[in-house]
Every structure is written in structure tokens, then in C-alpha cells.
Amino acid sequence: MNEVVFKTLKEKDFIIKNYLIKVALELKLSLNETLLLVYFMNQEEPTLNIPSITSNIYLKEEEIMAAFSKLIAINLITLKVIKGENDIRKEIISLDNIIRYVTTDITKKHESNEKDNLFDIFEKEFARPLSTMEFEIINEWLDSGYEKELIIEALKESVYNGYKSLKSISSKLEFWKEKGYKTKKDISKSLSDDLEKTAAIDLFDYNWLEDE
């Protein structure tokens, strides 16, 4: 008997992903709901296999069903029908929404950091703190679809020309929008094309006879 117990205890433990702990805390999941998610995440094709769940995480059937119903209700897990061997259909537990939840959270944090970084650049170029109104205007540019690099380019050009105001930057952004410029690369290409046209015109207008 001792050998059986010893062998059982040496079996591979469940893996708990760090982000699952974060999700459980933020959504205030119960212990049973969290344990059920841990079980599902350690299965190649998770299914609602009551005997297996009971033997692995020691929950009673009514506890499993209550936790499962809650996870379905908050849309953290979903049921997905797939075709197995011989076209036999079976229901598996999809954990995609957990990944989407975590990804969305990471994306929001990244966007927040990007905004903070943009504000820092403005304050450095202006050599002063931004006002509440200026924060709102910059946020409106981002919400309107202006790319961060385009806003920074407009900022740098305005400062270079001696204008440290959002009005000047806004005018430049609107002008570029009318021209169809969406990135810094578009602006550079346009300037390059203009230089080539100017060079071609100068060459055409040059009086070669007078030069002789």
C-alpha cells in the first residue's frame, strides 16, 4: 500500500500559469472555480469528465457543476463541438476567452504606457508640464486615429519652426491627413518626390546655351 501511495504522490503535478492567478483574483473566482480551471488547463482536450475531475481535484459532483455553471455564465469558458475519429462529435471546453482576457489586459497596459511616453515627449519638447486641456487634445488625436509617430513628427517640425503649441501641431496633422499621409515614411517619400520634381524642373529650365 505504501508503494502505491508513494508512486501516486510522485506523479506529475498540475501546472498553474501565472496569468490564471491574476484572472482568478481580478474576477474574484472561488477556490472551486479556480481549481476547475487549473484542471481544464492541464488537459490536452478538456472535457467535463466528472469522475476524472473528482479524482484529481477532490471536488464533489455538485461542487463541480456549480463551478462549471459559473464559469460558463461569466463567459470565461465555452463549449466547443469538434469532430473526432470516425466523425464522432464531442464537446470540449474552450479556454480561448481566458487568453483573450489576458491579452486584452496586456494590450490596454501597453497602450497606456505608450500614451504616457507620448506625454513625456511633449513635455520634454515644450520644456514644461502639459495642461489638462493639452492632455485631452493629445488623447483626441490618438482616438481620432492619428499614429503616435505622426504626432511626434508634427511636434518636432513645429518646435523646429519655433512653434510650441498644439494649434500648430493640429494644423500640420490636418494638412497631412488631407494629403493622405499616415506614417512618417509617407512624409519622407513625399519630400523625396518633391525634391526630385524640383531638380527635374531646374534641369529643364537651365539655359545650356548661355552656359557655353
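Of the 212 residues of the protein chain, 27% count as buried, where buried means under 20% relative accessible area, exposed over 50% and partly exposed in between (1.4 Å probe, protein chains only). This is a predicted model, in which local features need pLDDT of at least 70 and side-chain atom pairs count only at pLDDT 80 or more, while totals for chains, interfaces and linings use all residues. Residues are numbered from 1 along each chain as its sequence is written, and side-chain values use heavy atoms, with hydrogens and water left out.

**Overall fold**

- The protein chain has 11 helices and 2 strands; helices (H or I, at least four residues) and strands (E, at least two) are DSSP runs, numbered from the N terminus.
- Along the sequence the pattern is α-α-α-α-α-β-β-α-α-α-α-α-α.
- Among contacts between residues at least 6 apart in sequence, 51% join residues at least 24 apart, with contact meaning heavy atoms within 4.5 Å.

**H3 against H4**

- Helix H3 (residues 31-41) packs on helix H4 (residues 50-57) at an angle of about 110°, and their axes are 11 Å apart. Axes are lines fitted to C-alpha atoms, for helices over the stretch in contact, and angles run from 0 to 180 degrees between N-to-C directions.
- That angle makes H3 roughly perpendicular to H4 (under 35 degrees counts as roughly parallel, over 145 as roughly antiparallel, 65 to 115 as roughly perpendicular and the rest as oblique).
- The crossing of H3 past H4 is right-handed; a crossing is left-handed if the near helix is turned anticlockwise from the far one by less than a right angle, and right-handed if clockwise.
- H3 contributes Leu35, Leu36, Tyr39 and Phe40 to the contact, and H4 contributes Ser52, Ile53, Asn56 and Ile57.
- By class, this contact of H3 with H4 has 6 nonpolar, 2 polar and no charged residues. Ala, Val, Leu, Ile, Met, Phe, Trp, Tyr, Cys and Pro count as nonpolar, Asp, Glu, Lys and Arg as charged, and the others, Gly among them, as polar.

**H2 against H3**

- The axes of H2 and H3 come within 11 Å and cross at roughly 150°, and the two helices are therefore roughly antiparallel to each other.
- H2 also passes H3 in a right-handed crossing.
- Tyr19, Leu20 and Ala24 of H2 meet Thr34, Leu37, Val38 and Met41 of H3; these residues divide into 6 nonpolar, 1 polar and no charged.

**Nonpolar cores**

- The largest nonpolar core has 23 residues, and Leu36, Leu37, Phe40 and Ile77 have the most contacts inside it. A nonpolar core is a set of buried Ala, Val, Leu, Ile, Met, Phe, Trp, Tyr and Cys residues joined through side-chain atoms within 4.5 Å.
- At least two residues of this core come from each of helix H2 (18-26), H3, H4, helix H5 (61-73) and helix H6 (96-126), and H3 gives the most, with 5 residues.
- A second, separate core of 20 residues includes Phe122, Ile138, Leu150 and Leu173.

**Individual residues**

- Phenylalanine 40 is in contact with Pro46, Thr47, Leu48, Ile53, Phe68, Ile77, Ile93 and Leu95, leaving aside neighbours within four places in sequence.
- Glutamate 33 is found in helix H3 and is buried, with a relative accessible area of 8%. Leaving aside neighbours within four places in sequence, glutamate 33 is in contact with Ala67, Lys70 and Leu71.
- Leucine 29 is found in the loop between H2 and H3 and counts as buried at 12% relative accessibility.
- Not counting residues up to four places away in sequence, leucine 29 touches Ala24, Thr34, Leu37, Leu71, Ile74 and Leu76. The C-alpha atoms of leucine 29 and leucine 71 are separated by 8.8 Å, with the two residues 42 apart along the chain.
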